[in-house]
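Please read the following account with the sequence and the coordinates side by side. It moves from the chain as a whole to its strands, and then to its helices.

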Amino acid sequence: MKPTQGPTGAWLLKLTETTLALIAVTNSLMLAVVSLQAPSGQMAAGWLPGIVLFRHPLLLLLPGAALAWWWQRAESARPSLQKGHERLRAVIRYWLAFTIAEYGFSKLLGYQFQTANYTLDQPLGTVSGAALTWYYFGYAPAFGVLLGWMQVIGAGLLLFRRTTLLGALALLPMMVNIVLINLAYDIGPEPLLNSVLYTGGLLFLVTLHGRRLWAAVMGSVERVTAPGNYWRWLARAGVLGAAVGVMYLTKGHQSADTTLRGVWRIESLSRAGRRVPLDSVGTDPHGWTRCYFGQARRSRMAIRLHPNRYEPRRELRGDYRYAAGTLRALLRPAATDRSRMGPGDSLVATIRLAADQRHASVTGTFGRDPLELTMTRIR
């Protein structure tokens, strides 16, 4: 399908094409620099201008504007310059195809989404957004392979003029999603810049067919002017209102109390009349090390037994209610909590909070055992 466009003399169209083509060439030079690093690890000094221009692509607007201005003035005298559109678009298509296919093959060959072993030993709360993203996408290798094939196939479609639009439409939503991930999870300035440039190039290829796409989408919409059309608007508003209402009611099931919400460290603990030494916590089945309040839906709480880490199948979890200084909860081992099977132990206790809301003393019963403990809020 040939792109629909305005007059070939449109200066803005030329500016976009020339700038994207210059970015494509500069980006290719930068990739060459990366692959031709000196043995010492330092990049060859002769390639430095290309790197600077790629890292600051707005600098290419000036030469792009100058080239577009010359093209605009010379085109009337030399009609053969009109073929420049096809040539520059070919440069843009081949650049996008190469770079996106490179990312696709990196997934297929197992290069991307590899998490460092030292990252796996970090507490989840200290892991960076980039490491979280890498681990998440690498958790299911089949998903990474699927993404890789989608990028490779979409890039292949860009190599043919007849299938350029199909490839751009297939890749554009994926690249927009990558831009949002790079931005929201702070992946880094260079990955963000890459994704923005590739998305802009794909968007340019799609907008070349803008008139036909608009006609294809909007031309198929049947216009209805029947009386009583306001009922349809009420129905539409009702659907969205019902969705909001269901989620509002679901959220309303959570306790409104936020006094205890957070993570508390156990400072001292006595159960069944016996004081549990802090140095035996983790080996003593009566030992508790952390209390978590309001960490999930429906006013959930959890109690950690291990001194250094949370063990999902061993710890205690359940729903709790707190009002007027009284805590009530039904706790089960986490291994049985998911299925709601197995007996639970009721926790009924009086909590006395210090004035700073960071320290508390707890007195009550857990199951049939008397319970006394002190705890400090750590976050």
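**A walk through the predicted chain**

Of the contacts in the chain with a separation of 6 or more, 54% are between residues 24 or more positions apart, a contact being heavy atoms within 4.5 Å. This is a predicted model, in which local features need pLDDT of at least 70 and side-chain atom pairs count only at pLDDT 80 or more, while totals for chains, interfaces and linings use all residues. Residues are numbered from 1 along each chain as its sequence is written, and side-chain values use heavy atoms, with hydrogens and water left out.

The chain holds 12 helices and 9 strands, taken as DSSP runs numbered from the N terminus (helices are H or I with at least four residues, strands are E with at least two). Of its 379 residues, 36% are buried, where buried means under 20% relative accessible area, exposed over 50% and partly exposed in between, with a 1.4 Å probe and protein chains only. The accessible surface comes to about 23,300 Å², and 64% of that belongs to carbon and sulfur atoms; such areas come from the Shrake-Rupley method with a 1.4 Å probe, and for residues only the protein chains shown count as cover.

S3 runs antiparallel to strand S1 (residues 262–271), to which 4 bridges join it, and two strands count as paired if DSSP finds at least two bridges between them. Within this pairing, valine 263 has tyrosine 292 of S3 as its bridge partner. S3 is also joined by 4 bridges to strand S4 (residues 300–304), again antiparallel, and here phenylalanine 293 is partnered by methionine 301 in S4.

Further along, strands S5 (residues 316–323) and S6 (residues 326–333) run antiparallel and are joined by 8 bridges, with glycine 318 opposite leucine 331 in S6. The hairpin of S5 and S6 has 2 residues between the strands, and alanine 324 there takes a positive phi near 55°. S6 pairs in turn with strand S7 (residues 345–353), in the antiparallel sense over 6 bridges, and alanine 349 in S7 is the bridge partner of leucine 327.

Among the helices, H9 (residues 189–207) has 19 residues and reaches 27 Å from its first C-alpha to its last, close to the 27 Å expected at 1.5 Å a residue, the expected span being 1.5 Å times one less than the number of residues. Its buried residues include Leu193, Leu197, Gly201 and Leu205. An α-helix has 3.6 residues a turn, so residues three or four places apart point the same way.
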